[in-house]
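Trainee: I have a model open and want to go through it with you. Can we start with the parts to be careful about?

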Amino acid sequence: SALYVLPPGFVESSCRSRIFWMKLNKLLLQGKFFQLEIKDPYAGPIVLDEKLASRCGYVLSEDVWGNPVFRASVLGCHVVNEADELFSLTLNIKVSPFSSMRAAVTYTYPMYCSYSSWASREIVCEENYMEVSVKTDVPAVSNDYTVAWMSALPETQNVAYQLWQLMFVSPSGRKRITVSDAAKLGYSFNNTLYRVYLRAPYHSNESDISMVNGVNMNMVTSTSMYRQRWLLLLIDTTVSCPIDGISFTDTTLTWTVPSVIPTLVVQESTFLSKNILMGIDDQVIVNLEERNYLLEHNKTHITVTIPIGAEGGKLKSSISDGVYGIIYSIDLFLEHTWTDADWQTTKYTVIKSITTPFMPQIPTVINNTLPEERLFNIVFGHFLPDVSLVAITIGNVPFTLREAQHHGFNIYETLFSNGTKGFILEVSFDDPYILKEYVNRNETKYTLLVNYTISVGPEMELYYHSAEVECVIADIEIPEAVGYCDEDNLYLAIPTFGLHQYWNLYLANKLLNPHIALTNGYLAATNSTHLILQVPLFAGGVIYEEVSFQKIKARFDVALRKVRTMETLQMFSISCSFNSSAFISKLYNPPNNKRICVSFLNLITNCLIFLVCHPDGTITVSAQMKTVPAIDMSKTRLRDSSCKPREYNEGHAFFKFHVTTCGTSVRFEGDYIVYENEIFYEKETLPGQSTPKITRDPDYRLTVLCYYRAKETLVLGGFASDPSTELPFGSGTMIPRSHTAVNRRIRQALNVVSRISKDESFVEFYEPNVAIHKQPMEPMFLEVELKDESPNTELFLENCWVTGSLDFSSTARWNITEDG
């Protein structure tokens, strides 16, 4: 590969405390691959790998910003050393668009370092190796040959390797090996003009883990031995480095290093700390307070405390198991200089790259909605700058940011004072993708359902977050109805706004739809603003508050109810009084379409009546009967002779009674319950000499019938019902009949036994004289047994009923059999 000139700004380098530092600009490496080669002065370029790096004193990693970083000890394998003061190392930086590194561009980069202030002992704790170097005064065999020995360095080193030996002390015992054997185990041992050094990997077989003041230390205890002729030199090359000491809270990270390391300080009483420095990357931090860093030390610990997110480090967004969070990273170094009686001065340097665990950060949605402007305004945050919004979903409809802006959603970023950012979304209440729900009496609940899609970090990993924002405002006006009447009808004018959208109209418990209106005889007309409901006086659903000879007071009610909950919000009522004389001749057709009043044998020449079957079971009847000859209306009666007219005059009689009184009977006809009573006249007779008696009065009977739907609930003496239930209206009829002879049946005592079964199996029966509760139309299983032994006796059941009285002739009856 060819050699090229380095692009400007591609490489930065420095020499800090006997460490080469080099950084590559990641922006100039985007989409490319790079490789480092170490230029050996004798062997040529050597590709840097992990094994070579830990043995030879090199580190290749990334800083917190993702820039490649290379560090090397000045005592590294391929560093050119001039009298332990000037050091140089040359690298080849190869850059290729291919991972195989073919067609690579090679940049040669030399680094230089000047370092002469060596301490008696210097220890470096790097990320991947431990290094100790000690000052020695090893006499040369002949001072005259020193320069020649240095000039023939490879050969001299070969001789030296044969003379140096290492002895390791570990929990497994002592191990004495040659320098060449140590190299095979990953160690590096050598001597320079004035120093001897040992470099060891972490966690080797010859190392040991010990705890010092709560911090775990990786320690290699070794003695380097040098023998030449009569000279035996023993050098303590023990090294110990911290492998933990990092702790975190939600807001800070703390790095702890022991002040005194027993294996490095034999005479602890002579220990004296001289200087402590801390730095970031390759820069010493002088004004710690300005960055809110805290450096503390005492007899046992040196502690560095840094706020998470502080300057010098980097916060990075991350996704873990679908959860958004952040990670804080910072590259620190600590330099501690001390003295003691054995070693004079020791310089102890620890380089530490610290990364916090994943810290979940649940995004928040800040609701700044402006109800008065009918505008949702929500802020989605807080995020680091490496997060971007890529899409949103409103309701169930996805939008890219461009589509969202085109639709009318307003989306933009906002910055917060702590350096984070958020995304503002503005959506109108009236947007079609906003959910709208009518609530309470006159309020609308607007709901914005949004799902954010954000891209996190350089990996552009996607993260999804849903939010639901509601706003309830009183923006609905409940309609008010206007009522009026004419001579024949009641009217309700109801605003149409919101009908069937928010509210429905109900007549009692029935939805007032076109079918119900037509069935009940209403006329409905709609204009642009109102529904006009015309209700004839005698239509179904009209409530007659007062009926007399003078007037008919009628009321019509319609309930305004919520569509969903059926809650009644408003009652629209119109009440009017009508002149009775104008309506006394109105005819009413019951469900079976029988005429209300007919003449019989020409005795009743005219029958003008008014009948109302009220929902509570009350029946009101006003009848005008023109007979020939005329009769005294005060003498008319119902079946129960004590039930007389409430009002009467020469031609009218007015009755008001309940279906459970006055001898009213009950029966079922199809889907209807029919209540029946009769108005009849007690005619006067003239005494004669013998039977028959003579009378001038006409002979008639008027039957009154009221029909109620059987499937609707009516409060009667014989049925249980919820008193809160709104009652249905009935319909009635009256049929005049001739007076025919009634032969009352004489009750014959028969040996008959009846029982009520609990079900159709007729196996279990109720005990006698026990109250049995049944709902209307619920079947009852009755068994009747004739125990008469006469062979000519047969049992037929016909017209079975129940009554509330023990009197066999009681007229308040409820049929209990059909086709039986």
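Predicted model: local features only at pLDDT ≥ 70, side-chain atom pairs only at ≥ 80, totals over all residues.

Trainee: What does the chain average in pLDDT?

Mentor: The average is 83, and 81% of the residues score at least 70. Over residues 585–607 the pLDDT is below 50, with 53 contacts in the model beyond near neighbours in sequence.

Trainee: Which elements have the lowest and the highest mean pLDDT?

Mentor: Strand β56 (residues 731–737) has the lowest, 39, and strand β19 (residues 239–242) the highest, 98. Strands here are DSSP runs of E, at least two residues, numbered from the N terminus.

Trainee: Change of topic, sheets. What is the order of the open sheet with β30 in it?

Mentor: The order is β30-β31-β35-β34, with antiparallel pairing; two strands pair if DSSP finds at least two bridges between them. β30 (364–367) and β34 (410–415) each have a single partner strand, so they stand at the edges with one side left without a neighbour in the sheet. From one strand to the next the twist averages 25°, taken between lines fitted to C-alpha atoms, with angles from 0 to 180 degrees between N-to-C directions.

Trainee: How many bridges do β34 and β35 pair over?

Mentor: Six, in the antiparallel sense, with β35 covering residues 421–428. Thr-414 has Gly-422 of β35 as its bridge partner, and Tyr-412 stands opposite Ile-424.

Trainee: And what do the two strands form?

Mentor: A hairpin, with five residues between β34 and β35. Gly-419 in the turn has a positive phi of about 90°.

Trainee: Which strands stand at the edges of the sheet with β39?

Mentor: That open sheet has the order β39-β40-β44-β43, again listed as antiparallel. β39 (482–485) and β43 (523–526) stand at its edges. β39 pairs with strand β40 (residues 489–495) over four bridges, and Gly-483 stands opposite Leu-492 in β40.

Technical notes. Residues numbered from 1 in each chain as written. Heavy atoms only, no water. pLDDT = per-residue confidence, 0-100. Contact = heavy atoms within 4.5 Å.
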